[in-house]
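Here are my notes on the model, in numbered points. Please read them with the structure open.

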Amino acid sequence: MATPAAKQYKTLGEEIWKGRAEKTNAELFALTYGALVVQLIQDYEDYEEVNKQLEKMGYNIGTRLIEDFLARSNLGRCADFREVGEVVAKVGFKSFLNISPTVTHGGQPPAASPTRASTPQPAAPGSSFTLTFDENPLAEFVELPEEALEGGLWFSNIYCGVIRGALEMVQMQVQATFISDVLRGDESTEIRVTLSKYLEEEVPVGDD
């Protein structure tokens with residue numbers, strides 16, 4: 001059963017998507033991304049390296065998208081990593097791609113008692129959530145050849161980089177990895193996001 005906060009995030013994601021004037025044509029988007037992956041395969045001739053390049057591209061995109069996301073959503077800092085998962089799934093993916101993956105939360109170590117009632121309790125390293133995609137616009141027209149399956153290609157690995165880059169900009173270092181993909185014959189497409197640590201606010205060089 002959806003919590004009030006989850007419903008609120010779902011509504012917010014839908015409103016941001018509807019308010020976007022510059023919606024990308026889904027078919028064009030999928031074909032353009034597919035051409036990018038093909039070009040990387042030709043350039044590197046190594047599927048593991050292609051995975052790394054896709055993640056790196058996504059990371060660079062994520063570090064830029066987060067500003068637009070925060071400006072449009074007007075959301076403050078999440079109270080814990082569980083809330084991060086809800087926001088990523090219901091607001092982040094919805095507002096940019098018009099999809100809402102299902103979020104499943106992993107076990108979190110118990111939080112210490114707060115010293116102040118108003119102090120949010122951050123999750124401990126090792127906390128995680130899993131995103132399950134019922135639809136994936138990047139893979140609409142894709143069927144992977146046997147060679148790519150054997151080589152270990154994660155076709156939509158750019159998603160992992162986007163998540164890592166965006167969350168790093170809000171002081172969370174995470175690992176985002178595909179654990180299954182229907183393109184590889186799995187029953188579902190899933191990404192697991194695991195919190196590594198919270199980052200300190202960095203003071204620009206020259207500032208006190």
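**Notes on the model**

1. N98 is partly exposed, with a relative accessible area of 30%. Here buried means under 20%, exposed over 50%, and partly exposed in between (1.4 Å probe, protein chains only). N98 sits in the loop between α4 and β1 (102-105). Its phi is positive, about 60 degrees, although N98 is not a glycine. Most residues other than glycine have a negative phi.

2. This is a predicted model: local features need pLDDT of at least 70, side-chain atom pairs count only at pLDDT 80 or more, and totals for chains, interfaces and linings use all residues. Residues are numbered from 1 along each chain as its sequence is written, and side-chain values use heavy atoms, without hydrogens and water.

3. Helix α3 covers residues 47-73. Helices are DSSP runs (H or I, at least four residues), as are strands (E, at least two), numbered from the N terminus. A kink of about 30 degrees is centred on L65. That bend is the angle between axes fitted to the seven residues ending there and the seven starting there.

4. N74 follows α3 and has a positive phi, near 60 degrees. N74 lies in the loop between α3 and α4. It is exposed, with a relative accessible area of 72%.

5. Which residues touch the most other members of the largest nonpolar core? They are L131, Y159, I191 and V193, in a core of 36 residues. A nonpolar core joins buried Ala, Val, Leu, Ile, Met, Phe, Trp, Tyr and Cys residues through side-chain atoms within 4.5 Å. A second, separate core of 6 residues includes Y9, F69, V91 and A166.

Key. The expected span of a helix is 1.5 Å times one less than its number of residues.
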